[in-house]
Every structure is written in C-alpha cells, then in structure tokens.
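Here are some notes for a colleague who is meeting this structure for the first time. Please read them with the model open beside the text.

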Amino acid sequence: MISRRDFLRGVSGAVAAAGAIHPLLTWAADDSAVVIPGEEGLIVRSARFLDLEMPPAFIDSWITPVPHFFVRNHMHEPSTLDAATWELKVSGEVEKPLTLNFADMVRMEPHTVTNTLECAGNGRAFQRPRVPGVQWQRGAVGTARFSGPRLRDILHQAGVKPTGKHVMFHGLDEVPSKVPPFIRSIPIEKAIDEDTLIAMRMNGAELTRHHGFPARALVPGWIGAASCKWLSEIKVLDKEFDGNFMKPGYRYPNHPLKPGDPLNVDDSHPLTALNVKSVIASPTDDWTSKSRTVNIHGAAWAGDADIVKVEVSTDSGATWQAAQLGRDRAKYAWRLWSHSWKAPQVGDYTILSRATDSQGRTQPETADWNPSGYLYNAYDQVKIHVAT
Amino acid sequence: MSPPKFVLLSFRAKRGICFFSKATRTADSSSLSLLGTTKVAAVLLVLCSLPLLRAQSPELPAGPVQAKLTTACTECHESRIIIQQRLSKTAWTKEVDKMIKWGALVDPVDRDSFIEYLSTNFPPDKAPEQMPRVAANKKR
C-alpha cells in the first residue's frame, strides 16, 4: 500500500521525469527539428499554414506556457501586424458603428478568463474510418489566462439593435487563391456573456503573432475556431453567418451517423461547446517503465461544464479506479488529475482514462463518428511495458 | 508607451520555410534606416539558412504527376498537409475537387491522375507519418 505522501512525491517525480525530461531529451536531440521562434518542442503538423500540436507529455502544469500552446491557422498569418495602425471595426445591426484602435482597447476595463482552448478537430487522427484534415492526436489543446475587454462592453458602446442576433468575427489572415475567408459567427447570447472577451493578452503578456496579435475573440468553453485571431471586424448580424466555415464547415450531425456516411448539412448544427474529455499525459504510448510503480497523470475538460470525476483503468477497461483531481480549477479550464498504480507483474498493459462532467456526460468507449472528425472524445488509451 | 509592432520576415525556399518574428516598438522601427533593415534581414537570413535546411517540407513520392501536383498544391500549403492524410479513393476525390473549387490550378486532364496518385501513396492502411518537432528556443 502506498501512503498519500509517497504517492504525491511519486507524482511530482514522475512529472519531472516523464513529463519534462524525457520528451525534452527526445526532441532537443532531433536533427529534423523545425525552427519557429517563440515555439518549443511542438509537433509540426504543418509549417505553412502553421499548425503545431503540443505533445501530451507537456501537460505538466495547469497553465500552458505560450511556447507550448498549440497553434491552429486556417490561412496564412498576416504578413504585417502593426498595433499603431490596427483598427477594429464594429458594424452591422448596431445603432452607432465604431472603429476602435489599440489604445482604445487598452483603455477599456480588462477581464481575465482562464480557458481551455481546444481545436474541434483534436483527436481526428483516431477516427475510423479515417477522415481528412489536420491529423491532430491529443495535443490541439491548452489552457491559458486570456485578458481583454468584454465583447459585451464593446457591443454596448455600439448599441445592438433588436434585430442583432449573431455576432460575426473576421480577422486579418491572408486568404490564398479562391479559398473562402475564415469568418465565423456566434449567437448574441454567447457574445454578451460576461466571460466572452476580445483578448489582447495571454498568460500576462501581449498575444504573440501566432496566437492572434493584437486581438482575438475568446469564446470560452467553445471550440477553438470560435475564437477568431488577428481580429479586425466585428459585425452584428440578424442571422447566423452562412460562409464556408459555418456551413458546411464546423457542423455536427443532429443524429449519429453510420461511420463513413456523409453529413447532411440540413440535418446538422454549428459546433459550440467542447465535449467531456480526458487525455493521458504520462506515461506516453509505448513507454517502458523500469519501475513497478507507475504514476499516471493527465488533464480533463468539458467546455462550459465542470469535471466531476476522472477514472483510470489499467486492465483494458475491466475495472476502473478514481483518479485524484488537481487543486487548480476555473469555470472553463481543465482539471489536472493523477493516479498512482503498482503493476502486479512484469508485462504489457493498456491504460485507459475517462472523465465525467457536471452535465452527467461520460467519455464513451467509442466516439461518435462524423466526416470531419470533430469533438473526438473516446477513452484515452496508452500501451506500456513494465520491465522489472 | 507606444504599441508594439510585429515585423514578419518569411523566407520561402523551394520546398522550405522559415519564420522570423521580431517584436519592435514603432518609435524604434521608424528610426531604422533602409541599410540597417537590410543588414538585419541579411543576418536573419544567414542565421535562418542552416536550420532551414533541416526544416524543408518533405518531397512528395515519385510518380508521373509528382511535379504537377507539387506545383498545384504547394502554392497554398506545404506537402505535410498531404502526406499526413490517410484516405480512401472516394475521400481523395472529394478533397481534390474541393481544392480545384478553391483555386488549385489543375488541368482537367490531370484530375484523375492526381486522385490515383494520392490514393495510391496515402491510403488508409499506410502507417502514420512521423512529424518533426519545433526546435528548442535558445533564448529561453
């Protein structure tokens, strides 16, 4: 039997060993590494457009450092970003259209939200049959403190007309060829939520270019695509925006599809809040443990719901044990979790994790299939070998 | 304090790319002479060129339409977007047609060959592609 003190000591040791030293040594020695200043150790899914994934072993702190925070770009980043000339236009179904500059935004009362941001396609690589798109595995997710004016304060200045039902975001991304621009909208109810921001800071510093400098939408608890980067235009609409990235993009079937079936866009809805989900940060897949005691840890999140339980199985799902939830918590942020386990004997093991949230949702053994691989949330799974 | 300005220098080699971003202040940047800016760019280019060699996008597999497909697709995105996909011929057909609609310059006589090439080289049962990592940031 392991005492609580030994367990906690073991967890912190394992975090240092498995969560930091091992992956750092692995990628730091990799000659094929790609140089992208400001980013560190991320998996390069694409360098143009820039799509960078956090290795799961980097989940060793509640707040994700900016250099470890995943990057998802749909288009080319703006080639020039100058806060001195940057403007944010507010128009559409408003009484008084506005043009705000950087100084105007900085003068507004800031609000801070700690938010777990996850790409809707995180886990797409595990969908079967396989689906097209960036082949994210576990790490298109991270948690940061975002700060900036509330969107509702900006909308209040402009005065939303009764006809204003949706709020559209448009950024400065550079669109190649005939690709539709990355424009999306959110319902007015979410736009005026006290936690929906126009974020200008991330973890206490100005946004970096890859994360949307000088300002981005921050729609907490919702899919990352809702939080448009390099924001230049906010437009209040009388209906949902109908461009490609609202329809057919980023939509979910109203009824479960048979794997392989196409999406009927007329029987689907736009993606909003994230699913309940957990991932195992350590041990990593194919890990060989030189100790019979294995410290299993990771993170769990549920969009705008709370995580109430994370369970771990070390026998391929036959039995489950409750993991210990981390102390740090916030409304839209993930909970870290850990579980210490002593392998009964040398051998191969499959470790699973599953989370349950305050809405009563539990991660399923198999995720609902959809043609774009959105909101994948099946049990996380790693296979390890216990050698001694 | 004046607001910050990001100066982005993006160097594209034939199949490679390297990113630099340099946060400056507008007051500082306005005092940079053209010569100074050129020198900075030259230094960055030299510094960038070594890692650039290791940062090149992988070449697409050999095949009858490899050159044409590389030209058509990498105008907008790099080859890693393609090589990480594992799709059936039906799914590749949808992707090729979507990209043509989005402006990829594909001669109509090449469409079927593109689909054949992609579904042969990147089928569902092929092992996943190992992707590189971003290098350590020496300044941290």
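Which residues do ring pairs link into a cluster?

1. The cluster is made up of A:Phe69, A:Phe70, A:Trp136 and A:Phe146, which are linked by ring pairs. Please keep in mind throughout that this is a predicted model.

2. Chain A contains 4 helices and 26 strands, and of its 388 residues 58% are buried. Among the contacts in chain A with a separation of 6 or more, 72% are between residues 24 or more positions apart. The chain exposes about 15200 Å², of which carbon and sulfur atoms supply 51%.

3. The largest nonpolar core has 50 residues, and A:Met105, A:Val167, A:Phe169, A:Ile198 and A:Ile234 are the ones that touch the most other members. Helix H3 (residues 151-158) of chain A gives this core its largest share, 4 residues, while domain 1 (4-70 + 274-386) and domain 2 (78-114 + 143-270) of chain A each contribute at least three. A second, separate core holds 35 residues, including A:Val44, A:Phe182, A:Ile223 and A:Trp301.

4. Over all chains there are 11 aromatic pairs. One of these is the tilted pair of A:Phe126 and A:Tyr376, with 5.7 Å centre to centre and 45° between the planes; the two residues are 250 residues apart, so that the pair links distant parts of the chain. A:Phe126 is partly exposed at 28% relative accessible area, whereas A:Tyr376 counts as buried at 14%.

5. A:Trp341 and A:Tyr349 form an edge-to-face pair, 4.9 Å centre to centre with 80° between the planes. A:Trp341 is buried, with a relative accessible area of 9%, and A:Tyr349 also counts as buried, at 12%.

Definitions and conventions:
Residues are numbered from 1 along each chain as its sequence is written. Chains are lettered from A and ligands numbered from 1 in the order in which they are written. This is a predicted model: local features need pLDDT of at least 70, side-chain atom pairs count only at pLDDT 80 or more; totals for chains, interfaces and linings use all residues. Side-chain values use heavy atoms; hydrogens and water are left out. A nonpolar core is a set of buried Ala, Val, Leu, Ile, Met, Phe, Trp, Tyr and Cys residues joined through side-chain atoms within 4.5 Å. Buried means under 20% relative accessible area, exposed over 50%, partly exposed in between (1.4 Å probe, protein chains only). Domain bounds come from an automatic or database domain assignment. Contact means heavy atoms within 4.5 Å. Accessible areas come from the Shrake-Rupley method with a 1.4 Å probe; for residues, only the protein chains shown count as cover. Rings of Phe, Tyr and Trp (its six-membered ring) pair if their centres lie within 6.5 Å; planes under 30 degrees apart count as stacked, over 60 as edge-to-face and the rest as tilted.
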